[in-house]
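Trainee: Please take one part of this model and go through it closely with me.

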Amino acid sequence: MMNADLRRERAAATFQPELLTHILDGGAERTRRRKEIEALVINDPDFQHEDLNFLSRSQRYEQAIRKSALMVMKLREYGIADPEEIYWFKRTCLGNFPEPFGLHFSMFQKTLETQTTDTQKKKWLPLVRGVKIIGTYAQTEMGHGTHLRGLETTATYDPATQEFILNSPTVTSIKWWPGGLGKTSNHAIVLAQLYTQGQCKGLHAFIVPIRQLGTHEPLPGITVGDIGPKFGYDEMDNGYLKMDNFRIPRENMLMKYAQVEPDGTYVKPLSDKLTYGTMVFIRSLIVGDSAQSLSRACTIAIRYSAVRHQSELKPGEPEPQILDYQTQQYKLFPLLATAYAFHFVGAYIKDTYRRISGDINEGDLSELPELHALTAGLKAFASWTANAGIEECRMACGGHGYSRCSGIPDIYVTFTPSCTYEGENTVMMLQTARFLVKSYNQVSSGQRVTGMVSYLNDLSRQRIQPQHVAARPVTVRINDPLSLVEAYKARAARLVEAAAENLQAELNHRKSKEDAWNRTSVDLVRASEAHCHYVVVKLFAAKLPEVSNAAVRAVLTELCLLYALYGISKNTGDFLQAGILSDAQVTQVNQRVKELLAIIRPNAVALVDSFDFHDVHLGSVLGRYDGNVYENMFEWAKKSPLNKTQVHESFHKHLKPMQAKL
Amino acid sequence: SVNPDIASERQTPSFSVEKLTARLDGGVEQTRMRRAVVEAIESDPEFSRESQYFQSQNERYEAAVRKAVHLQKKMHEMGWTENGPEYKYIYRALSGDVAFLLHRIFVRSISMLGSDEQIAKWIPLASQYQLIGSYAQTELGHGTYLQGLETTAVFDSSTQEFILNTPKISAMKWWPGDMGRSATHTVAFAQLYIHGKCYGIHPFIVQIRSLQDHSLCPGITAGDIGPKMNFEHADNGYLMLQNVRIPRENMLSKFCEVQPDGTYVRRGSQKINYFTMTTVRISLLSDEVLAPLMKACTIAIRYSVVRRQSKLKPGEQEAKILDYQTQQEKLLPQLAAAYAFHFINDYLQELFNRAYREIQRKNFDTLPELHAFSSGFKALVTQHCTSGVEICLRACGGHGYSLLSGLPSLYTKILASCIYEGENTILLLQTARFLIKCFMAASAGQPVPPSVTYLAAVKPSKCPAKNKLDFLSPDIYTEAYQHSAVRLISSTAAKLQDLVQSGVKKYDAWNRCTVQLVQAAKAHCHYITVKNFAETVERLETKAGIQKIMKHLCDLFALHGIFSNAGVFLHDGYISGAQMDMVTASYLDLLAVIRKDAVPLVDAFDFTDKSLNSALGSYDGQVYQRLYEWAQKSPTNTQMNPAYERYLKPLLHNTLSKL
């Protein structure tokens with residue numbers, strides 16, 4: 001039976017959640033197919049298991065391996081091969097947890113598909129696709145992360161035997177963190193500094209067998225293991241790998257681009273921009289993942305807030321739903337709006353990537369730098385925001401949010417590493433800033449720029465006037481999304497300009513470019529954030545006219561306004577200082593935000609229902625679709641390992657003797 | 001050997017680390033005593049936390065109980081007592097990883113709320129551990145709002161007993177520590193009914209487990225609430241009561257009593273019931289909130305001088321990550337906040353000690369102000385420190401995510417403090433209520449408590465700073481904070497009044513202003529923290545460089561606050577756009593200044609390697625070696641990998657379908 005509060009909430013919605021679900025999925029047909037695939041998992045007894053929170057880390061790893069192996073078999077059985085369909089299938093199996101084989105399919109297989117010669121493809125791809133071998137991608141070292149050039153692992157070519165000799169020369173060079181490396185994989189793609197004919201040729205990728213096929217024992221010369229317990233990712237055997245004079249044949253270097261000939265001659269790759277492709281792809285996935293994770297947390301927190309009653313609003317009346325408190329709405333609804341915004345941004349990047357990667361295959365790389373710069377910043381912007389947002393959702397659930405049964409701790413610990421992996425966020429923001437400054441300099445020197453940074457072109461026209469670009473008043477209409485896009489644009493322009501000018505001032509004072517850059521980096525990060533924020537508002541606003549159903553368009557417009565106005569109210573300093581908004585307008589914005597909270601309130605539950613997560617996706621007692629929270633918390637707690645016996649053994653071991661002695 | 005990268009950081013500190021440590025401890029003698037206690041605890045292998053990161057919830061719980069029991073022995077051996085000066089250092093030395101913490105709250109609540117007879121009966125039993133206590137307030141469906149609790153205690157005059165009941169599932173006691181497995185008794189809060197009339201929430205001593213075999217008493221259902229983000233060592237529990245009868249004497253009756261015939265007698269203010277929580281809010285700051293932030297800063301800053309990444313100058317070695325402005329901007333404000341909150345904590349402790357003496361004399365005049373202080377600062381400090389620890393965690397990149405860094409455990413532990421002992425938003429609203437009341441009184445020319453007299457001095461003005469150096473003047477920034485606090489409080493009060501005058505019901509008007517009220521309460525507490533920091537710096541000794549470096553940190557704390565809340569200060573033009581650029585410039589300059597002393601500043605917190613329990617944060621800076629060694633100890637490396645035989649092998653050999 002459904003909780004009465006949730007039933008009321010659902011009945012009061014002003015739109016049909018399914019219609020919004022179709023928009024998120026990209027069409028009614030895709031929603032149908034997604035649900036069909038999810039049902040394959042949900043109704044399959046083979047995928048049932050005990051709540052992972054009650055298991056030890058080793059048990060969780062074992063469960064995850066069981067599931068991973070099962071997924072391989074089932075996908076084969078069902079003939080599911082489309083990447084998106086595989087994704088739907090897997091996320092339903094995995095809930096909020098990672099998969100130890102994850103890197104086998106993403107990085108290992110993907111790299112082999114894109115960076116090998118035809119001969120290599122013929123040899124390796126059948127083994128990989130058939131899971132005859134299990135591989136991972138070993139890049140990060142204990143002492144080196146995002147800065148790839150700093151990696152220390154060496155691969156020295158020996159023409160006498162036509163082999164590469166791999167070494168981990170220092171403690172800091174030990175490969176550290178790769179998922180699936182510790183216990184699961186028997187092969188790895190290893191990134192190492194290539195030495196041939198006495199010269200270092202920089203980083204290259206090599207296929208390295210690490211465990212004996214058949215026995216799974218580490219090969220001689222290989223030291224491999226698990227890096228120990230982490231914040232989350234209990235399922236994943238993130239590993240270390242140390243190599244001592246480990247030899248692999250010459251053919252194990254990935255040679256689609258750079259090559260080492262049998263005599264040791266090094267053949268340079270045509271363009272290093274090509275390796276951007278995979279990075280752009282993975283980072284675009286993180287934007288989508290930010291939307292997913294934040295949506296889950298919002299679903300849990302908003303449903304729970306409709307079920308939970310606390311204190312009194314009106315004297316003498318029953319305790320109200322906590323979702324009726326303005327402070328609670330203020331915590332949750334902007335995040336709900338953000339989750340929608342990131343959905344649309346994620347979809348946009350995916351589409352753009354798909355379009356551009358077609359161009360890349362035809363040799364047109366012209367759009368890559370901008371997309372690379374944009375995804376770096378958006379990856380950081382989205383993952384930082386979602387990371388903080390998930391925690392806000394958890395906090396908004398009070399004490400029960402802290403229990404593992406809320407599911408939000410799992411969402412958080414699984415998501416938070418995305419602020420670090422695939423490019424540490426601050427470094428990502430600075431990459432975007434580099435592109436912004438470059439574009440700004442182009443405009444200053446009279447060139448025009450295109451794409452998302454085209455607003456910088458306006459700077460050249462205003463340069464004739466003595467004042468700053470954004471000092472010109474923008475007439476902001478706070479109920480018009482497009483007008484708000486202009487306000488964000490003006491803020492971004494102002495902060496990019498300020499950062500670029502500060503950078504120039506530092507350059508005028510000091511010798512080194514790097515030093516000046518470092519001394520401006522706080523400004524530069526702010527500029528990048530403002531740019532990304534603008535892009536998100538723009539893409540959200542651009543989505544609205546595409547929505548045909550009036551009721552759905554109305555709620556999405558409210559969310560879009562809330563997203564934009566809340567962002568202003570959180571960054572009023574930027575808008576005030578640049579003169580984009582007056583004091584009075586800021587007060588209006590703050591007021592409008594609160595009005596929007598009240599307007600969105602009746603649709604809040606329907607808006608999270610539209611994300612259409614099944615309970616198995618959420619893994620949360622608080623976020624259950626039926627809202628029967630308390631009964632199920634009690635049921636869940638009874639399964640806790642500490643409750644296995646009525647009297648815990650500690651009583652006999654420690655408590656009783658103590659009381660006897662005292 | 002000490003890593004040369006960290007050794008070089010310690011060569012030329014601008015101040016005496018040892019003297020600063022003594023200042024933080026409150027004197028040289030306190031430092032000596034603290035170190036002696038820490039040494040005694042850490043040299044005892046029974047208290048080792050070495051395997052903590054590898055243990056299951058069951059193992060953690062058992063270890064905590066074992067340690068708690070051993071601690072009794074140790075205290076006896078060392079001649080430490082619960083009232084002795086050493087006591088406060090014990091918990092710090094154990095990093096809280098010990099059972100029976102709620103037992104202390106049990107004892108404290110009886111001491112505060114019990115009659116003399118009750119104290120005489122229960123306290124000796126508790127101190128002898130003849131019973132183990134807990135404190136059961138929160139219910140499954142009810143938290144901070146005490147009036148909403150649903151557990152009932154009905155007085156039965158015929159048997160002179162209270163009958164306790166959990167009328168429905170949402171009324172089940174949920175969360176109390178030590179209750180899931182350990183406690184034999186608890187102080188349970190319930191709605192008191194006498195002859196059908198409800199008298200509100202009162203505390204009752206309830207026995208829940210047998211003193212003989214530890215089995216549950218009749219009518220009691222209790223157990224562990226299951227895994228949480230942290231506190232695996234604590235058996236947070238649930239408790240369901242079905243017609244549990246307890247004698248009349250088990251209601252704690254210092255302030256209220258039910259007489260044999262059912263007459264209800266009240267002595268003094270009901271508010272005293274909340275005083276336990278009020279003091280707990282303040283007393284938890286030091287160990288539960290400040291220590292984790294200080295530890296996190298220690299770990300992150302030490303790691304940031306060992307970790308090298310990318311090059312700042314071509315041809316040079318990769319730079320220490322602490323040399324990057326962006327890294328400084330993450331960590332150094334947290335370091336400054338740790339000091340700011342250390343000093344505000346000193347201030348609050350003193351305030352409460354004074355007030356406690358008054359309350360003992362049944363003078364409750366200061367209660368509203370104390371309540372506002374404890375609520376607001378509990379919220380402000382826990383929130384800042386929690387986000388500070390999280391920033392430290394993320395500033396350590398991938399390695400911060402490893403439990404072996406120590407940071408995830410610090411984070412998951414401290415973040416509970418935002419919720420327990422009063423959810424922060426609700427607490428801030430309580431402070432706001434006090435502020436609005438005082439503002440109204442002040443505007444009407446009535447006297448207000450000393451902490452809020454500044455509200456009376458509302459005067460429109462502009463910040464007088466002329467250049468970026470002016471913003472290093474405590475008067476300038478303290479004024480700015482004061483101005484913004486007054487503005488936020490007064491504008492919210494005006495808004496409330498407008499709404500009420502336009503016919504909106506009072507409670508509704510309040511709810512519509514709560515977002516602003518929260519902001520106003522934060523601004524007030526932030527202002528007091530800055531002001532107190534500046535005043536503390538004034539009083540510090542000028543020699544040994546202490547005052548100078550603390551002044552820098554105070555400036556950084558204040559300017560970081562303005563920088564990150566620029567809109568609040570720009571809003572009415574108190575600070576102009578040009579002045580805001582000066583603030584930013586001064587703020588960024590300070591980062592580079594404090595950078596030089598960053599490692600000595602965390603060394604001054606004086607945490608031992610064992611108490612940090614971090615592969616990244618040890619004193620010697622041997623990060624990578626330690627990380628590698630500790631990882632080897634993981635059970636995933638020392639035990640068999642059954643998953644291979646069971647699942648991987650069949651998969652690789654394509655025989656899985658036969659499973």
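Trainee: By class, how many nonpolar, polar and charged residues does the lining of the largest cavity have?

Mentor: First, the ground rules. This is a predicted model, where local features need pLDDT of at least 70 and side-chain atom pairs count only at pLDDT 80 or more, while totals for chains, interfaces and linings use all residues. Residues are numbered from 1 along each chain as its sequence is written, chains are lettered from A and ligands numbered from 1 in the order written, and side-chain values use heavy atoms, with hydrogens and water left out.

Now the cavities. A cavity is a set of points, on a 1 Å grid over the protein atoms alone, where a 1.4 Å probe fits but cannot get out. Counted this way, there are five cavities of 30 Å³ or more. The largest has a volume of about 320 Å³; volume here is the space filled by probe spheres set on the points, which are joined across faces, edges and corners.

The lining of the largest cavity (residues with an atom within 4 Å of a point) holds 24 residues. Nearest the centre lie B:Arg49, B:Ser95, B:Lys295, B:Leu410 and B:Lys413. In chain B, at least two lining residues each come from helix 5 (87–94), helix 8 (272–306), helix 12 (407–414) and helix 21 (609–612). Helices are DSSP runs of H or I, at least four residues, numbered from the N terminus. Helix 8 of chain B gives the largest share of the lining: five residues.

The lining of the largest cavity has seven nonpolar, nine polar and eight charged residues. Nonpolar means Ala, Val, Leu, Ile, Met, Phe, Trp, Tyr, Cys and Pro; charged means Asp, Glu, Lys and Arg; the others, Gly among them, are polar.

Note on methods. 1 Å grid on protein atoms, 1.4 Å probe; cavity = no way out; pocket = protein on both sides within 12 Å on 5 of 7 lines; lining within 4 Å.
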